[in-house]
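Work through the exercises below with the sequence and the model at hand. Try each task before reading its solution.

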Amino acid sequence: MAEQVRIAVVGPFSGPRSAWGELLRRSARQFTEPSLVWEFHDDRGDAECGVLRAGDVTDDGGYAAVIGHFNSAGAEGALPLYRRAGLPVVLPLATRPGLLAGSGGGALRWCPDDLGQLRAIAAAAAGHGLARLLVGHDDSDYGRHLAALFIALPAPPLALSALPSPWKPRAGDAVAVCGTHVGVAGVVRGLRRAGFDGRLFATDDCSVGEFAELVGTAGRDVHVTRLAGGPERRVEVAFTALAGALSGDPAARGERLLARIRAHADAAFTADGELDVTPGTDAGHGWEIRPVRPGTRGTGGAPTEVASFDVAVVGAGVVGSAVAAATAAAGARTALIDAGPALPSATHWSGGIVRAYDPDPEMRALAVRSHQLLWGRSSGHARRYGFRRTGSLVLLGPGDLPEAVRGVVELQAGGIEAELLTVEDIADRWPQLAAEHAAGAVWEPGGGCADPRLTTSEYRRQALATGAQVLDDARVHGLEPHPLGALVRLDGSSVMAHSVVVAAGSGTPALLAERLPAGAGTAEPVTRRIRYGYFDRGGRALPALVDLVTGVWGRPMPEEPGAGTLLVGRPVDEWGVPPGGGTQLTPEQVEYVRDGASTVWPWLREARCLGGRHGTDLYRKDGPLLGVVPGEPWTVVAACWSGGGFKTAPAAAESAAEKVLANLRRQGRISA
């Protein structure tokens, strides 16, 4: 099998400009040769974020080339990083004037610059018999920069001036609005509400279909500038040239690869990599003005349906992010939706203890599989997810011993090092612990702890890199059946998906209500408060520990917040609490944790408490819910981990993703 060549695709795959990122995703799907791997890096259309993504790409060191950076300001900041790394860059849509001036190469730009589109707007306005054009913007940095360029345009064919504020429209006025398609749509709707019914021109960011939906009926007599032939064409030919160059010479890198891209291109370039357009012969490489076809969404706000996906994952904690990574990697168009920006997931407050042993056989099976998928892999790989091996100790009561014997056998059969220890063994190995109240322990040298935020971030990065779209700026209000699957109701908009996964932690009951099966003797899943503190561990080397006798647990904290401490938790008898959490404990709450934990760590009686946290978990008497729930729309649920779900997240996500992908294959949405 030929060695795979990795190409970084950088663009806005989430956020308000994600419609442009879809152009990059769509073209990448057309070149599915096994030797070419397109890895997506989301810069959200933000300049600063674009530079950060460039740092990620160059730090990786394994890419052959970069394509994307739709945001010109981000491209401008990123190009020096790529030049130093010797990475060729293909820019299909970055239009800032002078972007490559004096660079001497290293990048190729497939589009003319913004001065061309501004001249095209001015010429179109003059062609309509207008003598004056007012220039406004959407108050974004991009919009202000473009408007300033416009007003300073040399020798315009008509008078140009800034749109005054306040402004009273008069007969014969025309307005050009510069900025992002979302921002310009808002300005256009505002101008129409203010009574302006004249001609409007919008800059090229608005040449995506979503703009027509956003302006609705306010789009009458609005004309949009676009690259001649459409931006889709520019993206497609850029991908074609890059893919052709690498397919013919997979080992090409640096200057050699740039030369091959030029040879496969549909255009000529200057020495700096700018599009070489000879005056009068720029057909197909210039700009054109097209009228907007008014949308049907009305003028009062965002469209009622923003996108269509194969799968919508509701809940952006560790399980949801891992599911999104798996479904996107399998080729499913995936949306990862935060259940609500004001309600951080249980992952955010998780203690992050990782072990394979659990007294519940179902949870244990998931934990063993998770060890095989992630926690038990090489230290370098697992560390990317924030995992550190401190060892894991589970203290047992007399009634726990029979199940522990079975569990240790299962762990060992799964390739996990584990042993049963006596109380004397514990005292010999960890004299700083007190275990006289226990009947023994399960010891796993390969267990430990992870930073849940880093684990989630890595899964989220993978999801974005394989084409998932993250929607994290709107609350989910409900799920409804849809002729093609499900409608996920958000703030002011909706997402349609053929399959849904709900991994929303404590927010799950509100979304699924009576569809959640109740366990024996359990009316419904119930929320419970989790509360723990950071105590100075005085440099002691300690394992992660769970005490099944008292319910307390603790693990060393190598990361912030609380680096150098022991994170200690004790069960709190507070049920039916609202989702969410915080970072403050009262003195009484600190002492409650300290009193219980000092049974296991006697030195905690005198240790300083350096802070604390509290969060919420979802409990169910009969264990977790992981599978398809009854009713419509078709939905997989992954919830009710009863406080111990973090360690099982890789396997839980694998199971949920497998169910979703099987459903999509049955529908013919993705290939088998």
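Predicted model: local features only at pLDDT ≥ 70, side-chain atom pairs only at ≥ 80, totals over all residues.

Residues are numbered from 1 along each chain as its sequence is written, and side-chain values use heavy atoms, with hydrogens and water left out.

**Exercise 1.** Classify the packing of helix H10 (residues 318–329) against helix H19 (residues 649–667) and against helix H16 (residues 452–465).

*Solution.* Helices (H or I, at least four residues) and strands (E, at least two) are DSSP runs, numbered from the N terminus.
1. The axes of H10 and H19 come within 8 Å and cross at roughly 45°. H10 is therefore oblique to H19.
2. For H10 and H16 the angle is about 25°, with the axes 8 Å apart. This pair is therefore roughly parallel.
3. The cut-offs are under 35 degrees for roughly parallel, over 145 for roughly antiparallel, 65 to 115 for roughly perpendicular, and oblique for the rest.

**Exercise 2.** Find the salt bridges of Glu288 with Arg226 and with Arg290.

*Solution.* A salt bridge is a side-chain nitrogen of Lys or Arg within 4 Å of a carboxyl oxygen of Asp or Glu.
1. Glu288 meets Arg226 at 2.5 Å, N to O. Glu288 lies in strand E11 (residues 287–291) and Arg226 in strand E10 (residues 222–227), 62 residues apart.
2. Between Arg290 and Glu288, the closest N and O atoms are 3.6 Å apart.
3. Glu288, at 19% relative accessibility, is buried, while Arg290, at 41%, is partly exposed. Buried means under 20% relative accessible area, exposed over 50%, and partly exposed in between (1.4 Å probe, protein chains only).

Technical notes:
Axes fitted to C-alpha atoms, helices over the stretch in contact; angles between N-to-C directions.
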